[in-house]
Amino acid sequence: MAAAAAAAVGRRLCILRLPAQHGARGYRAALCTQLTQPLLVQDLPAPRLQPRQVRVRVHYSGLNFADILACQGLYQEKHAPPFTPGMEFSGTVMETGENVSAVKEGHRVIGVTGISAMAEECVVDEKALWQIPDNVSSEDAAVLPVAYGTAWLALHHRAHLQPRETVLVTAGAGATGLAIIDLAVSVFQAKVLRCCPFSPVLMCSSLGKQVAWSHGDAVAENQDQVIAAAGSDPKCQLVLANGASHAVNYSQNSLREQVTALTGGRGVDVAIEAVGGDIFKAVLQSLAWEGRIVVMGFAGGKIPSIPANLLLLKNVSAMGVYWSRYQQEDFPLFSSAMSSLLQYGREGKIRPYIGAVFKLEEVNEAFNHVLQRKSTGKVIISMK
Ligand SMILES: NC(=O)c1ccc[n+]([C@@H]2O[C@H](COP(=O)([O-])OP(=O)(O)OC[C@H]3O[C@@H](n4cnc5c(N)ncnc54)[C@H](OP(=O)(O)O)[C@@H]3O)[C@@H](O)[C@H]2O)c1
C-alpha cells in the first residue's frame, strides 16, 4: 500500500499556483484536487465564521501517514477532492465567532480537524482548540495532538501501562514511535524496547544508567540493571538517544528471538504495533504472560490476521487504538489527553522530536520524505 502510494506521489513533484478568486481575501492552502496526484498550493477565499467557530493563523501543521493515505484514497475516512489535508496544527487565534468563550484573539493554540490544517488559516469549532502554555514552542506543540495523543491513548487508556512494565514499539523512530518512547519512559516510567530495521542488535542504557556495550549475543536484564550492546544504524541510535533502553533490527534479524533474549525469555508486557504483516505476528509472539498488544497501524501495507490460539496460550489481550474516533465517541477522554500532554509540556516532562520542517510549497517533498521511509520523528509543515 505504502509503496504504491509512494510511486503515485513521486510521479510529479511540481506545485502549481492557481490564481486567487477575484475580490476575496485569500490564504494559501495545500489542495488535493485529484486522488494520487501531487498536491497544489492554491489561494482560497476565507470563509465566514459560524457563532462557535474560531479562525486560526496556522504556524505549523503536523504531517501524518494518514494525510498521505487520504490523498491516495486509501485511508479509512474518505474525502472527496478537492480538499486540504492536515488534521492538526498550532497557531494563533485571529478571529472568534460571536458565541466563542474558550479562546481570544492572540491566544496560541493547538487544534484538531479531520482535514484542512495544511493551510495558512484554519477555521474550527472552539471545542477543537487547546491553549499552548507560554514555555512550549509552537513547533513542539504541533507534534502533540496526533503522535502524542495516540501514544497516550495507546499506553495509558488502552494498555493500562504500569510503572516498570516493559514496552515494545515498532516503527519506533517514527513520529508516534518516538512519542510512545518519550511518554512510556518519562511519564509512565516503563522500560522500552524499540524495533528498527537496520542495525544487527543494538542495545544501550537509557536514563544515563549505561552498564556495558556488546554486539549480538543474548542479553538479559533485571530491574536494577540495564546491559547494553551497540550497532551502527542511525534510526536505532536515534531511539536510544531518545530514551529507549534497547533497539532491535527487525528487517535483518528475528524480532521474536531478539525480544526473547532481551527479556530473559519472559517477553514484553505491552506492545504497540504500527507496521503490520509478519512484524505483527512476531510482536504478538513476543508478549509476556497476560501481555497486551495494541494495533496502531499498518505502515508496511499488510493488515495481519490474529491466530486466536496465540491469545489463549499466554492469556494475552489484543486491542486497537484509533485516535480521531475518540474525538467523536468520548470527547472528555480525548480532551483530557490533550490537556495532560500540554501539562507534561509545561512541566518539561516530554521532549517532542521534530525530524524535518518543510514549507507549504514543499508539501509534496514532505509527503515523499515520509513515504520513502526517510523521516525520523515528526515532520511538520511551516506556514511561515
Ligand atoms: N491508530 C491511530 O490512531 C494512529 C495514529 C497515528 C499513527 N498511526 C499509524 O501508525 C503508523 C506510524 O505512524 P507515524 O505517524 O508514526 O508515521 P511515520 O513517522 O511516518 O513513521 C512510519 C514508519 O513506519 C515504518 N514503515 C515500515 N514499513 C513501511 C513502509 N512500507 N512504508 C513506509 N513506512 C514503513 C517506517 O519506520 P522503519 O523504517 O523504522 O520501519 C516509517 O518511518 C502508521 O501506520 C500510521 O497510520 C495510527
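# Helices, contacts and confidence in a predicted model

Colleague: Of the contacts between residues at least 6 apart in sequence, what share join residues at least 24 apart?

Modeller: That share is 71% for the protein. Two residues are in contact here if their C-beta atoms, placed from the backbone, lie within 7 Å.

Colleague: What kind of model is it, and which pLDDT do local features need?

Modeller: It is a predicted model, where local features need pLDDT of at least 70 and side-chain atom pairs count only at 80 or more, while totals for chains, interfaces and linings use all residues. Residues are numbered from 1 along each chain as its sequence is written.

Colleague: What is the mean pLDDT of the protein?

Modeller: The mean is 85, and 83% of the residues reach 70 or more. pLDDT is the predictor's confidence in each residue, from 0 to 100.

Colleague: Fine. How many helices and strands?

Modeller: The secondary structure comes to eleven helices and 17 strands.

Colleague: Which residues of α7 are buried?

Modeller: In α7, residues 277–284, they are Ile-279, Phe-280, Ala-282, Val-283 and Leu-284. Their cover includes β9 (166–169), α6 (255–262), β13 (268–273), β14 (287–295) and α8 (308–313).

Colleague: Next topic: at what angle do α3 and α4 cross?

Modeller: The axes of α3 (residues 138–158) and α4 (residues 175–187) cross at roughly 55° and come within 8 Å. Axes are lines fitted to C-alpha atoms, for helices over the stretch in contact, and angles run from 0 to 180 degrees between N-to-C directions. That angle makes α3 oblique to α4. Under 35 degrees would count as roughly parallel, over 145 as roughly antiparallel and 65 to 115 as roughly perpendicular; the rest is oblique.

Colleague: Which residues make that contact?

Modeller: From α3 there are Ala-147, Tyr-148, Thr-150, Ala-151, Trp-152, Ala-154 and Leu-155; from α4, Ala-175, Thr-176, Ala-179, Ile-180, Leu-183 and Ala-184. By class, eleven are nonpolar, two polar and none charged. Ala, Val, Leu, Ile, Met, Phe, Trp, Tyr, Cys and Pro count as nonpolar, Asp, Glu, Lys and Arg as charged, and the others, Gly among them, as polar.

Colleague: And α3 with α10, at what angle do the axes cross?

Modeller: Roughly 115°, with the axes of α3 and α10 (residues 331–346) coming within 9 Å. On the α3 side the residues include Asp-140, Tyr-148 and Trp-152, which meet a set in α10 that includes Leu-333, Met-338 and Leu-341. That contact has ten nonpolar, four polar and one charged residues.

Colleague: Back to α4. What does Ser-186 touch?

Modeller: Leaving out residues up to four places away in sequence, Ser-186 touches Gly-243, Lys-349 and Ile-350. Ser-186 is in α4 and counts as partly exposed because it has 16 C-beta neighbours inside 10 Å. Its C-alpha atom is 9.1 Å from that of Arg-351, 165 residues away along the chain.

Colleague: Which residue other than glycine has a phi near 50°?

Modeller: His-160. It sits in the loop between α3 and β9 and is exposed, with 11 C-beta neighbours inside 10 Å. Arg-373 also has a positive phi, of about 60°, and lies in the loop between α11 (363–371) and β17 (378–382).

Colleague: Last one: where is the cis peptide bond?

Modeller: Between Pro-81 and Pro-82, with omega about 0°. Pro-82 is in the loop between α2 (65–71) and β5 (88–96).

Definitions and conventions
Buried ≥ 20, exposed ≤ 12 C-beta atoms within 10 Å, placed from the backbone. Helix = DSSP H or I, 4+ residues; strand = E, 2+ residues; numbered from the N terminus.
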